[in-house]
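Here is a short report on strands and their pairing. Please look over the structure first.

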Amino acid sequence: MYTELKKLIEANPLFREKLAFPSFKASRLRTLINQSLNWQHQLCKNPRPNPDIKTLFLDHSCNAANGGARAITPVNLPVAAVARPSNFVPLGVHGGPFQASAAPAPNPNALAGWMANPHPSSSVPSGVVSASPFQLQQPNQVNVLKHPRAPSNSLGLMDYQNADHEQLMKRLRSAQTSNEVTYPAHPPHPSASLDDLPRNVVSTVRQGSVVMSMDFHPAHHTLLAVGCSSGEVSLWEVGSKEKIVTQPFKIWNMAACTGIFQGTIVKEPSISVTRVAWSPDGNLIGVSFTKHLIHVYAYQGSELRQHLEIDAHVGCVNDLAFAHPNKQMCVVTCGDDKLIKVWDLSGKKLYTFEGHDAQVYSICPHQKENIQFIFSTALDGKIKAWLYDNVGSRVDYDAPGQWCTTMLYSADGSRLFSCGTSKEGDSFLVEWNESEGALKRTYQGFRKKSNGVVQFDTTRNRYLAVGEDNQVKFWDMDNTNLLTTVDAEGGLPNLPRLRFNKEGNLLVVTTADNGFKILANADGLRTLRAYEARSYEARSYEASKASIDMKVSTSAMVSSMSPAAVGKVEHMDTDSPARPTPIHNGIEAMSRTMEKPRHLESVDKKPLELTEIVDPTQCRQVTMPDSKDSVSKVARLLYTNSGVGVLALGANGVQRLWKWSRNEQNPTGKAMASVTPQHWQPNSGLLMANDVPENPETAVPCIALSKNDSYVMSACGGKVSLFNMMTFKVMTTFMPPPPASTFLAFHPQDNNIIAIGMEDSSIHIYNVRVDEVKTKLKGHQKHITGLAFSTALNTLVSSGADAQLFFWTADSWEKKKSSVIQLPPGKGPVGDTRVQFHNDQIHLLVSHETQLAIYDASKMECIRKWVPQEALSSPITSASYSCNSQLVYASFTDGNIAVFDAESLRLRCRIAPSAYMPQPTPNSAPIIPQVITAHPQEPNQLAVGLSDGSVKVIEPSEASRRWGVGVAVTADKSGTENGRPSSSSAANNSSSDHQIQR
């Protein structure tokens, strides 16, 4: 038929020699039909092993009532679903951009891949007809679970380079050659290296009671939460070797507890922690106990505040986890009462899942695009899966060993593993094939028998670790054979518990003497040294400040600052190789061990000197190739969220992207100053260029990047354009001026909601899915210069060129408060004001050309401020928190870059322009650092965009690996600036030259 149609069309003189017919294989139509039927068969509620296909005019269904076929809504495959790579994540976690309809609700067939095979050990039923070699991505929930995708906050540009994508691009190459991006050849994944694994013991801690559960903070990679058999919860800073907080168990409100619990706790008052877990944003800690209760603490700075107590289950609460169904942070629990429950943060029970026939042992909440679900395991070895709909379990599987099993996804959410032990003592570590609900591989290397249940963890999307046989065993995920073992210098129990930090450079493992050990690789050791040194500097500063205060204070004040009080703190063991390296740049090298109390008499009374970097040899730096453009200065600068690229928006509206490749010099593929990246651009010369007005000098460039690095949204005085970061194509434009857009910010929980600051001082809350402005926020007097969301406070903070801050609720969009930035006398409200939230989502960095300020956003008030002075007296051009919010980077119009301690705004380091800029030539225009930004994972790396169009990445020298240790200028609390009342200004700094700087 195809041949006859081809002849007929070619016979038409209008088409003769004008059409090029593609060549098709004879089996092409059969392949497409097979794919359709296989997909339809997966949707069947009761699939038959050998279905009888009677007609192609109706969609297939194994339904005896209508003879095996039923008339249902035809399946429509949009072109976008076919043309997109299999792991291409739509904008946000709630579906693709600009869809006319809302995301589909979860349905009972969402776990069809698992339901098709009730026993993982049995063979997978064959398809309706022979499957094609290339599977198309279906825009439905079944395929979402069949083909796991990385979470939106971890997918980088490198993730597009996979086999499916290459195969797809080859099929589409003839139609898309003009839009392809020149990607460097993807080198093969480096073989597993033992150096990647944290195997070296750096610290040993004696907790005092048996450690039952541990969890590292998701952002502060050295902050460890520990739950004990005594019911105690502790926070340890493993970098400075201090126990920060200890919370012994107590019942917060006995009257609110059930009578069953009250009777139980009176008869047997002992209680143990079963699980301690951080929320994904790091603002909450959940704790479950062996009797009925869960506690939720709010973490603020170095304090744990009681937030929520729930009498959750009858008996032991075996597991606890945080989830985010329907854009709402929730706590998921399971217990001996055979139930799984979901609670909101006010303590209201949202869901109860029942269906297990034995005590529920563990839970594993997960999300794939808009589908939220929970895996659960019970003591009878059953695995079940639940959607948030109270309908019931979609999966009933037997776990290997059929007893205690824990399930975990890899960090990127693409691979599912389980580990457990049978009643006979046989241990199992397996990977699941989600598309078939079957075991993909079983890892070898366990002892024959264990007297308990083995625990495991994953890291770096590459490695698995299990505690067994008095040691830690490691596997490469792609190899079933044991990679290596570590005994951690002895002292481990038979089945130690263990946990990686998010970076995978630290591993905590429990010891037999009621404690734990910290293991590190080379990167982890450097991290610990940096934190240890930073803690020492903070103590030295406080002691130095106290000694200065004693000179001018009464004897009563002196006696209140006794050396015993200063030295009273718990520490880890002293046998630690995590010693800081000698400090360079003229600072005297000294021991930084934290085990000995620091007495006032042993501290130098003089403030530490400022570390200054004036020569290029004192730091590492790299200039982005092809970045210099004297016509267009860098207006906005971003790192990709994956940390592998830098994106610059010029004043001419053109965006440029540089990306680091994975190679021997850079095995991680992350941005680094010692390796030159590649300038990425299409073969056709296509640029990511925005519409610009006739007079571009009046335009305010703005840019925002989606969390998965798939899309970038920007404007430069014209319409807002959404660019595909893979092809550089404009996917759509919206919000044409007037008024023009001046600032863009994605909603942190839904990338389809965007806050857009406007030239007319309003803020538009725009839904890209339905192409509609939901509401407009008004209050500013001049154009918007900054927007920042806090999920912890449910707040949007806006800043404007009118030097005002507005605080809005992030759901009802009501104004909570406004605040005017205090400017020096005679200074008008001009210049950009930028805002950025600290990782704790409470503290807010506010930068203006006249000052840096820290606000407590929960109280909506300024608590600390620094104003330019002395060597840094020029106006501020830009400022940014480091990725861990421990530092603040700021650039100045004279070319200086300053590094501050984020908590106190103490100046740690000054990077002079001579250290990173070329020597100026006669009559040349001065080069100004326009914008500064921080790497999303490396706290000591920054990037700066200059007025000559160039972009530089700067890091400390190889010897120091961190910025500065000196103290020259500081800021006090309670709204004081540089040691003076906040009413002082830069204009009268000269009158205070003799004042002591703290």
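Which residues point one way from β28, which the other way, and are they buried or exposed? Gly515, Lys517 and Leu519 point one way, Phe516, Ile518 and Ala520 point the other way, and all are buried. Buried means under 20% relative accessible area, exposed over 50%, and partly exposed in between (1.4 Å probe, protein chains only). In a regular strand the side chains alternate between the two faces of the sheet.

This is a predicted model: local features need pLDDT of at least 70, side-chain atom pairs count only at pLDDT 80 or more, and totals for chains, interfaces and linings use all residues. Residues are numbered from 1 along each chain as its sequence is written, and side-chain values use heavy atoms, without hydrogens and water.

Strands are DSSP runs (E, at least two residues), numbered from the N terminus. Two strands pair if DSSP finds at least two bridges between them.

| Strand pair | Bridges | Sense |
|---|---|---|
| β1 (residues 200–206) and β28 | 6 bridges | antiparallel |
| β27 (residues 506–511) and β28 | 6 bridges | antiparallel |
| β40 and β41 (residues 750–758) | 6 bridges | antiparallel |

Arg206 has Gly515 in β28 as its bridge partner. Val509 stands opposite Lys517 in β28. The hairpin of β27 and β28 has 3 residues between the strands, and Asn514 takes a positive phi near 65° there.

Next, another sheet. An open, antiparallel sheet of 4 strands runs in the order β40-β41-β42-β43. β40 (741–747) and β43 (772–777) stand at the edges with a single partner strand each, so one side of each has no neighbour in the sheet. Leu744 has Ile756 in β41 as its bridge partner.
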